[in-house]
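Hi,

Here is the structure I promised to pass on to you. Please open it alongside this note, and then read on for what turned up in it.

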Amino acid sequence: MLDLYSTRFSSRMLLGTAGYASPDMLRQAVEASGAEIVTVSLRRESARVRTGQGFWALIEQLGRRVLPNTADCRTAKEAIATAQMARELFGTNWIKLEVIANDDTLQPELFSLVEAATELCAEGFDVLPYTTEDLSAAERLVSAGCQVLMPWGSPIGSARGLANKSALQTLRAYFPDTPLIIDAGIGVPSHAAEAMEMGYDAVLLNTAVAKAGDPVKMAKGFAKAIQAGRLAYEAGIVEPRDMASPSTPVVGTPFFKIDHA
Amino acid sequence: MQILLNGERFVTEARSLDELCAALGFADAKVATAVNGSFVAAAARGQTQLTEADEVEIVAPRQGG
């Protein structure tokens, strides 16, 4: 079971709600994924269109736990105010904390991330920070009170998978007891399986499902890959080796002769 | 009075944030608010007076990753 801030989940897949062709496609994809946590955001509401009111009705129908984000915030102050608005709006202390450094990479701005996380943890938020694989930032976030870390696989929406596997392995080894969730950059189910085989606790993805030709089928594919990767991790994975090693017993091989010449 | 509502110039007679929300039809809507970069809780909107050039944000749930 996945344990995040003392709440247990049987699914290790967190799914984003953005970019689907229709609300019904989103609903079907969430159901197919088995995800128990879905990410949401908050945006300016038009008095004329009232887009958010309809979206909220859909989210309530889904019946999943919501994890609001602070997407696109550029400063700690913006992220803190956004988190405070999200807490009231969604009725949850959970916040996926994002402070973005620049447009091209959408990479986390680690200094402001730590600053915002420190303030929000002090205000009683359960902070799930979107961070990099940087160890020193991770240490600061844990010291600030974050009980979960969400390092990126690769840049948001890039579908490039785990760009820095070695550092992600180090992070896993360095924080054996902190739930670690790969957030962003996942493109195909094998990327997610790889993260799970490395011992990551869960995977958060959105674009790979939402923009797939068939989001429902892709959601099912990811669910299976994440389960497969987790099973492999729990089972214990054999060490790779340079040379071949016969799997069939060598003893008793027919026609085998010792060359006495 | 002219304020900045969700990033756009907006002329209003509302004296408080509560009155502004009601005038926009958001009295019972699922929205959250901020004034000049700081969060204003729903319960505090009535006591939050608006002044010329205030920057008001009114947000609602939306799709996110």
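A:Leu106 sits in the loop between β6 (94–97) and α4 (110–122) of chain A; helices (H or I, at least four residues) and strands (E, at least two) are DSSP runs, numbered from the N terminus. Before going further, please note that this is a predicted model, in which local features need pLDDT of at least 70 and side-chain atom pairs count only at pLDDT 80 or more, while totals for chains, interfaces and linings use all residues. Residues are numbered from 1 along each chain as its sequence is written, chains are lettered from A and ligands numbered from 1 in the order in which they are written, and side-chain values use heavy atoms, with hydrogens and water left out.

Back to A:Leu106: its phi is near 50°, a positive value in a residue other than glycine. A:Leu106 has a relative accessible area of 23%, so it is partly exposed (buried means under 20% relative accessible area, exposed over 50%, partly exposed in between, with a 1.4 Å probe and protein chains only). A:Arg50 also has a positive phi, of about 55°, although it is not a glycine. You will find A:Arg50 in the loop between β4 and α2 of chain A, where it counts as partly exposed because its relative accessibility is 30%.

**Where the chains meet**

How many residues of chain A are in contact with chain B? There are 30 of them, and they touch 27 residues of chain B, contact meaning heavy atoms within 4.5 Å. The size of an interface is often given as the accessible area lost when the parts come together. Here the buried area is about 2,400 Å², with carbon and sulfur atoms giving 57%; this is the accessible area (1.4 Å probe) that two parts lose on being put together, summed over both.

Between chain A and chain B, 19 residue pairs are in polar contact, both residues being at pLDDT 80 or more. A polar contact is a pair of N or O atoms within 3.5 Å; within protein, one must be able to donate a hydrogen and the other to accept it, and residues adjacent in sequence count only if both atoms are side-chain atoms. On the side of chain A that touches chain B, β4 (37–44), α2 (51–62) and α3 (76–90) each supply at least two residues. The most comes from α3(A), with 7 residues.

The interface of chain A and chain B also holds 3 salt bridges (a side-chain nitrogen of Lys or Arg within 4 Å of a carboxyl oxygen of Asp or Glu). A:Glu45 forms a salt bridge with B:Arg62, and their closest N and O atoms are 2.9 Å apart.

β4(A) is joined by 5 bridges to strand β5 (residues 55–63) of chain B, and the two run antiparallel; strands pair if DSSP finds at least two bridges between them. A:Leu42 has B:Pro61 in β5(B) as its bridge partner.

**Strands within chain B**

β5(B) also pairs with β3(B), in the antiparallel sense, over 4 bridges. In that pairing B:Val35 stands opposite B:Val56. From strand β3 (residues 32–35) of chain B, B:Ala32 and B:Ala34 point one way and B:Thr33 and B:Val35 the other way, and all are buried.

β3(B) is joined by 3 bridges to strand β4 (residues 38–40) of chain B, again antiparallel. Two residues lie between the strands of this hairpin, where B:Asn36 takes a positive phi near 50°.

**Salt bridges within chain A**

Over all chains the count comes to 13 salt bridges. In one of them A:Arg27 and A:Glu31 have their closest N and O atoms 3.5 Å apart. Why are these two about one helical turn apart? Because A:Arg27 and A:Glu31 are 4 residues apart in helix α1 (residues 23–33) of chain A.

Another salt bridge joins A:Asp201 to A:Arg172, with 2.6 Å between the closest N and O atoms. A:Asp201 is in the loop between α7 (189–197) and β10 (202–205) of chain A and A:Arg172 in helix α6 (residues 165–174), so the pair ties together parts that are 29 residues apart in sequence. Both ends count as buried, because A:Asp201 has a relative accessible area of 15% and A:Arg172 is at 9%.

Best wishes, and enjoy looking around!
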